Amino acid sequence: MNEEYAKYRALWSAVLLTAVNDTRLRDVQYKKKSESPSEYRKWAKAWIRCDWDEPCTFNWVCDMLEVSPEALRQYALEHKPLRCDNLT
């Protein structure tokens, strides 16, 4: 794997991890009043539920990272939210 491809994988891994984590946030106050965990959760779930294969979609990212989109989708959408009190 070349260095440039490794950087793209790292970037898209972070995007995927952030989306999965956002699906699991409970409604607690962020330090910044304008940020809402429920909004992050809503958008993350919508992105994960989307079944398209175009660039930058959930399926495309999973395929690029050689991760099963079906398994990760099930994990992200079926688990109960976690409590997260101190996000900065």
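Helices, numbered from the N terminus, are taken here as DSSP runs of H or I with at least four residues, and the expected span of a helix is 1.5 Å times one less than its number of residues. The model on the screen is predicted, so local features are given where pLDDT is at least 70 and side-chain atom pairs where pLDDT is 80 or more, whereas totals for chains, interfaces and linings use all residues. Residues are numbered from 1 along each chain as its sequence is written, and side-chain values rest on heavy atoms, with hydrogens and water left out.

**Stop 1: helix α1**

Select residues 3–23, which make up helix α1; at 1.5 Å a residue its 21 residues should span 30 Å, and the C-alpha atoms at its ends are 31 Å apart, in agreement with that expectation. Then colour Trp12, Leu16, Ala19, Val20, Asp22 and Thr23, which are buried, a word that means under 20% relative accessible area, with exposed meaning over 50% and partly exposed in between (1.4 Å probe, protein chains only). These residues lie on the same side of α1 because they cover an arc of only 165° around its axis, the arc being that of the directions from the helix axis to the C-beta atoms.

**Stop 2: the salt bridges**

The whole structure holds 2 salt bridges, each defined as a side-chain nitrogen of Lys or Arg within 4 Å of a carboxyl oxygen of Asp or Glu. Select Glu3 and Lys7, whose closest N and O atoms are 3.4 Å apart; both residues lie in α1, 4 residues apart, which is about one turn of the helix. Then move to α2, where the side chains of Glu39 and Lys42 meet at 3.6 Å, N to O, and where these residues, being 3 apart in the helix, are separated by about one helical turn. Glu39 is partly exposed at 38% relative accessibility, and Lys42 is partly exposed at 46%.

**Stop 3: the nonpolar core**

A nonpolar core is a set of buried Ala, Val, Leu, Ile, Met, Phe, Trp, Tyr and Cys residues joined through side-chain atoms within 4.5 Å. The largest one has 13 residues, of which Leu16, Ile48, Phe58, Leu65 and Leu72 touch the most other members. Helices α1, α2, α3 and α4 each supply at least two residues of this core, and α3 gives the most, with 5 residues. Centre on Ile48, which, leaving aside neighbours within four places in sequence, is in contact with Ala19, Val20, Thr23, Phe58, Arg73, Ala76 and Leu77, contact meaning heavy atoms within 4.5 Å.

**Stop 4: the loops**

In the loop between α2 and α3, select Thr57, which is buried with a relative accessible area of 9%. A polar atom of the Thr57 side chain lies 2.7 Å from the backbone oxygen of Glu54, and Thr57 touches Trp47 and Trp52 when residues up to four places away in sequence are not counted.

Cys56 has its place in the loop between α2 and α3 and counts as partly exposed, at 42% relative accessibility. Although 44 residues separate Cys56 and Trp12 along the chain, their C-alpha atoms are 8.7 Å apart, and the contacts of Cys56, leaving aside neighbours within four places in sequence, are Trp12, Trp47 and Val61. Check the backbone here as well: Cys56 has a positive phi of about 80° although it is not a glycine. Most residues other than glycine have a negative phi.

Finish at Glu66, in the loop between α3 and α4, where phi is positive at about 60° although this residue is not a glycine. Glu66 is exposed, with a relative accessible area of 71%.

Definitions and conventions:
A polar contact is a pair of N or O atoms within 3.5 Å; within protein, one must be able to donate a hydrogen and the other to accept it, and residues adjacent in sequence count only if both atoms are side-chain atoms.
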